[in-house]
Each structure stands twice: as C-alpha cells, then as structure tokens.
Amino acid sequence: MTKRIDRRYVLGAALAAAGMLAAPAAFAQSDYPNQPITMIVPFAPGGASDFAARLLQPRLSAILGQQIVIENRDGAAGNVGMDLAARAKPDGYTLFLGNVGTISINPYIFSSLRVKPLQDFAPISIVADTPGLLIANPSFPPNNVKELVEYVKARPGQVNFASPGTGSVNRLEMESFRREAGLDMVHVPYKGGAGPATADVMGGHVSLMFVTISSGINHVKGGRLKALGVSTKQRVPQLPDVPTMTEQGYPKSVSSSWQGILVPAGTPQPIIDKLHAAVVEAMKDETIRARMGESGVIAVSSATPAEFKQYIQADADKWSAIIKEIGAKAD
C-alpha cells in the first residue's frame, strides 16, 4: 500500500512540475502579442516588397493590437535580411516578408547561402501577387506571341532579351517561355533592378523582356512599350486587351512575383494560427486591395499556412529545375 501511495505521489508531483514548467510558455502564447513586432523587409525602402509591407503594416497593427516595426535589411539579393530573420527567436515577434527571389530562387543560385527557406521558416500567408508582362519596344515588328515566335525562329540567335539579373524571376520567365517555344535568343543581363533594363527596351537597345506589371504598366499605357502577353491564367483588369500567354498557346508561362509573410521555424502553432488569421483579415481591407490594384499588384492570402507552404514548394520546384537546366549562378 505504501509503495502504491508513493508512486501516486511521485507521479502527481511530476505532473505538477511539468505543468508549472509549461504554464509560462502557454501563457506567453495566449497573451501574444504583448510587445511590438518587427517585420524584416530584405530590400531597400521604395521597392515592391517595401511597398507591400508598408501597405499591410497599419491594418495588421490594428488587428493584432501591437505596433509593427518595419526593418529594411537589404543586401546580397535579399539574403542578408533573410539570414537575420531565419535566426531570430521563434516567438512570433520577428516576421519576414519573403518573396519569390529570396525564398524560391536564391537557394538555387547562391551556393554559399546558409538559409534553407523551407526548413528555416514557417510560412504564414502570401499577401501580394504581381503577374509578369512580356513587353517590347513599340518598333519591334511582332505584335503578339504567335508573331514573336515566327519572327525569332526566322532569326535564330539574333533577337536579344533583357533581364534585371542572371537569377531574376524575369530572366527565368523568359527562359521557361523560350524552351516551351523552342527559341534561340540572346540574354542581356542588367544590374540595378528592372529600371535600367526596361529603359533600354524603351530605347530600342534590347528587343524585349519580362517585367512585373507594376514595372511596365505605365509605360505600356503611355505608348512607350507594347505588351505582348501577361503571365496570369486570366487576363488582368488593368490591361484587359492584353491576352495571357496561355491564351496564346503557352500554358507553362504562368508565373508571378509574389510576397508573403513567414516566421522562424519553431514558432508555436497557436502564434502561427493567430498571425495567419490576422494577415487574412488585413488582406480583406479595401484600401489595401485598391492601392495594390492601382499598381498592378493582386492582394491575396492563403487559406491556411499549409497551403502557402505547398505554394512555395511548387514555386521552388519550378524555378530550381530551370536554374539547373540553364546553369544560372549569382551575378
């Protein structure tokens, strides 16, 4: 009898001790957030990622009841900020605004990159989706993708295309299309973002390129560039007369430049769920949706964090295959 009582006592004491240890963590999660949250943007102020973060910031702050502090940590194509965010304490107080470049492309073109995004981060939700736009100088003879394919095939190795960099999503979009159509073209990489490359297409120094709609829409509407196709499944309302690449016979040319919220791996699930619910609610805000829409950006959210993870995995699989095929390396 004495032995049985002792066992019960020991078991009860152990459970009580475990409860005491677990209680502070559980309380911290139920109390979350109780201090300002930092959102690391791995690019300089003024770019597409910073634009999305600052649009999201006030509404997300209001929903969570805590200040969201945006910290721009640019460098190495976003790798500096991504590394910092991946190694932050997984307590929900450091968010990372990742994008297609940092999460889906950089791990496959930077051989020395320490971060493994799908292992080191827990996805929360996508927030912005910016379709690609195939643009050309107005004097370039082809006026649609069918004419473009015929034109290039008649001039193998003579038509060039620009991109913002060797490992940029815009370069990979063209490589994907080029392979699907069987085209022999010359790549002309630029540095400094899409601006210098787009300027040279406008100047007629390079024939064509893929850009984000947000980078090219005003030039198209102003007649300084012409649009040959858009990389969405359906036409976009901002350019209703521009057919999709799919409509023109190239269903693999569906792509976008996206941004999304992630947190360091190991962040407790209740905090992930709370952040996901807050981001989804924020992305319903009409002001955010209108402001993004004016810039050619589609405001979106993921149904679940798991759905966003699947999206990232599929995106990474797609781009890593093309990177491997063409042997792209960091500039």
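The model is predicted, with local features requiring pLDDT of at least 70 and side-chain atom pairs counted only at pLDDT 80 or more, while totals for chains, interfaces and linings use all residues. Residues are numbered from 1 along each chain as its sequence is written, and side-chain values use heavy atoms, with hydrogens and water left out.

We may start with strand β3 (residues 94-99), where 6 of the 6 residues are buried, so the strand is largely enclosed by the rest of the structure. Here, buried means under 20% relative accessible area with a 1.4 Å probe and protein chains only; strands are DSSP runs of E with at least two residues, and helices are runs of H or I with at least four, numbered from the N terminus. T94, F96 and G98 point one way from β3, and L95, L97 and N99 point the other way.

On the pairing side (at least two DSSP bridges between two strands), β3 runs parallel to strand β1 (residues 37-41) over 3 bridges, and F96 is the bridge partner of I40. Strand β9 (residues 256-264) is antiparallel to β3 and joined to it by 4 bridges; in this pair, L97 has I261 as its bridge partner.

Turning to the helices, the axes of α4 (residues 100-109) and α12 (residues 305-326) come within 9 Å and cross at roughly 40 degrees; axes are lines fitted to C-alpha atoms over the stretch in contact, with angles from 0 to 180 degrees between N-to-C directions. The contact (heavy atoms within 4.5 Å) includes I103 and Y108 of α4 and W319 and I323 of α12.

Technical notes
Buried < 20%, exposed > 50% of the residue type's maximum accessible area, 1.4 Å probe, protein only.
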